[in-house]
Amino acid sequence: MARRFAPSVNAGSMADIAFLLLIFFLVTTTIQTDYGISRKLPPLIDIPPEGRIKEKNLFRVEINQLNELLVEGAKMEISALKEAAIAFLDNGGGSEDLTCSYCQGEGDIKSSDNPDNAVISLSNSRETNYATYIAVQNELVAAYTQLRNREARRMYGISFVEMEENLKNPRYQRDWHVLKERIKKIQSMYPEKLSEAVPKHQY
């Protein structure tokens, strides 16, 4: 009597099909993305402890648990913060070696000596609304940007924002190294010294 062999199945094609299905699902599956607010943090700058900074060179900005903005202890609308910060940064109240030749502020001796010594201290409560916190930060950064734009136009005939855009543009046809040095020059005139304290509980 002849021996019968059990029929075998070629599994090679099954592996190919499984691989194709895997690729199909990887390509067509939508991955859930978390959305947030795009915010570029300021560069790390060596800021001395507040105890070593002259009180007149410190601009205190605080957001309390009620989302109220306090500037130097007094309530202020967020819309007025940028101009107040500009007045502080551009004051130019220093004398002798602390003189600021390009500042256009009032020169009040009770306010900041020069932009290099001026520090903005931002603190907030843990109960502060995130949108309010971002709005305040944006106004402070806008103050630095406006002053940098002014000096860039005066010195080079182009805004600081445009200079940064040109630096990122691969099609920029002028001397890239010269542009980079000019950006550093403007940044050194108004360095972004923004000190953020650890959020605290307020009751």
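Trainee: Which residues of helix H2 (residues 81–89) are buried?

Mentor: They are Leu 81, Ala 84, Ala 85, Ile 86, Phe 88 and Leu 89. Buried means under 20% relative accessible area, exposed over 50%, partly exposed in between (1.4 Å probe, protein chains only). Bear in mind that this is a predicted model, where local features need pLDDT of at least 70, side-chain atom pairs count only at pLDDT 80 or more, and totals for chains, interfaces and linings use all residues. Residues are numbered from 1 along each chain as its sequence is written, and side-chain values use heavy atoms, with hydrogens and water left out.

Trainee: What covers the buried residues of H2?

Mentor: The cover includes strands E1 (58–63), E2 (69–71) and E4 (119–124), plus helix H3 (130–156). Helices (H or I, at least four residues) and strands (E, at least two) are DSSP runs, numbered from the N terminus.

Trainee: What makes E3 (74–75) and E5 (194–196) edge strands?

Mentor: The open sheet runs E3-E2-E1-E4-E5, with mixed pairing. E3 and E5 each have a single partner strand, so one side of each is left without a neighbour in the sheet. Two strands pair if DSSP finds at least two bridges between them; E1 and E4, which run parallel, have 6.

Trainee: Why is the pair of Tyr 102 and Tyr 190 called edge-to-face?

Mentor: Rings of Phe, Tyr and Trp (its six-membered ring) pair if their centres lie within 6.5 Å; planes under 30 degrees apart count as stacked, over 60 as edge-to-face and the rest as tilted. Here the centres are 5.6 Å apart and the planes at 75°, so edge-to-face it is.

Note on methods:
Contact means heavy atoms within 4.5 Å.
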